[in-house]
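Hi everyone, thanks for coming. I'd like to walk you through one structure today, so let me put it up on the screen.

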Amino acid sequence: MHPDAVVLDIDGVLVDVADSYRRAIVESVERLYERTIDRDDVQLFKDAGGFNNDWDVTYAAALYVLVDEHRPLPLSTFAAEIEAAGGGLDAAEAVAAEHLDDDAWDAVRDAWDPEGLHDAFQALYLGADRYRDLEGGEPPFETRGYIHDEPVLLEPATLDRLEASAELGVLTGRPAAEAEIALDRVGLSVPDEHRFTMDDWEAGKPHPDALTTLAARFDAETVAFAGDTLDDVRTAVNAAAADGGRAYHGIGVLTGGLTGESGREAFEGVGAAAVVDSVNDLPERLFEN
């Protein structure tokens, strides 16, 4: 492909978040409601689309638990109906409301506590000390923080090869402060104008504006965007449709929730230009074929 610019997602690409963000999703719901979903089931929300923000996944998972208590509903059905309704938290609320009668829906809404879930998630993920620094208050409980349990996936030699071959950018659903922590651990220094975080735009992936903006800032003719979710690939596909003056290639990376042959097929099904086992396969795939 020989892109002029390579844009990287963080979670599931540069660092492994199975024991950090995804663990925080599951345990936040359990802390508030004494029931939760399985960690592997987080992927159902990711595949439904519109859940680039893990806070939204947490809120939707809690909503499911509450709905299921009133009227049993398979999580796979809930997720499929969310996807059919357009994906994301608004769709999850619409599906939940459709599944319940008015009294049950009122009870679910009364019990649903996104603010409390957010605070629990941030305390679990960041740990008490970073919570105080980044959230500006006291955490709801004392924790060490799962942010310390994120293995680095990007090898230094891979980073060197990418930096020697193309401009590098970052497009992530993380808040800026949490993105900076991960990038520091990885050893990737990206100027502010070459990165988009949750704090930089409201739409989120798979909306193409962040990726097309980065492409324009790089003055790139060809851009590759590597991510671990279907929405990452959809972002590149949408960018190609929105910006006919450049070529965009979505690269699926099989180190997040999508793995193996089923993951490869899922990425190809939404238009991936290539699928790699790891971010460390990118230089060969992008520049040496």
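Let's start with Thr222, which you'll find in strand S4, residues 222–227. Keep in mind as we go that this is a predicted model. Is Thr222 buried or exposed? Its relative accessibility is 15%, and because the cut-off for buried is under 20%, Thr222 counts as buried. And what does Thr222 touch, once we set aside residues up to four places away in sequence? The list is Met1, Pro3, Asp4 and Ala5, together with Ala247 and His249.

Now for a residue with another setting: Arg31. You can find Arg31 in helix H1, which covers residues 21–33. Arg31 has a relative accessible area of 48%, so this residue is partly exposed. Leaving out its neighbours within four places in sequence, Arg31 is in contact with Leu124 and Phe141. While we're here, have a look at Tyr125 too: Arg31 and Tyr125 are 94 residues apart along the chain, and 14 Å separates their C-alpha atoms.

The largest nonpolar core has 77 residues, and the members that touch the most others are Leu14, Phe45, Phe78 and Leu188. Which helix gives the most to this core? That would be H3, residues 54–70, with 11 residues. The core also draws on two domains, taking at least three residues from each: domain 1, which is 5–16 + 151–287, and domain 2, which is 18–135.

Let me zoom in on Phe78. Not counting residues up to four places away in sequence, Phe78 touches Phe45, Ala60, Tyr64, Leu73, Ala92, Val95 and Ala96. There is also a second, separate core, this one of 16 residues, and among them are Leu171, Ala210, Leu214 and Ala236.

Who meets whom here? On the H3 side we have Asp56, Tyr59, Ala60, Leu63 and Val67, and they meet Leu89, Ala92, Glu93, Ala96 and His99 in H5. Sorted by class, that contact has 7 nonpolar residues, 1 polar and 2 charged.

That's my tour, and I'm happy to take questions.

Key: Residues numbered from 1 in each chain as written. Predicted model: local features only at pLDDT ≥ 70, side-chain atom pairs only at ≥ 80, totals over all residues. Heavy atoms only, no water. Core = buried A, V, L, I, M, F, W, Y, C linked by side-chain atoms within 4.5 Å. Buried < 20%, exposed > 50% of the residue type's maximum accessible area, 1.4 Å probe, protein only. Helix = DSSP H or I, 4+ residues; strand = E, 2+ residues; numbered from the N terminus. Domains from an automatic or database assignment. Contact = heavy atoms within 4.5 Å. Nonpolar A, V, L, I, M, F, W, Y, C, P; charged D, E, K, R; others polar.
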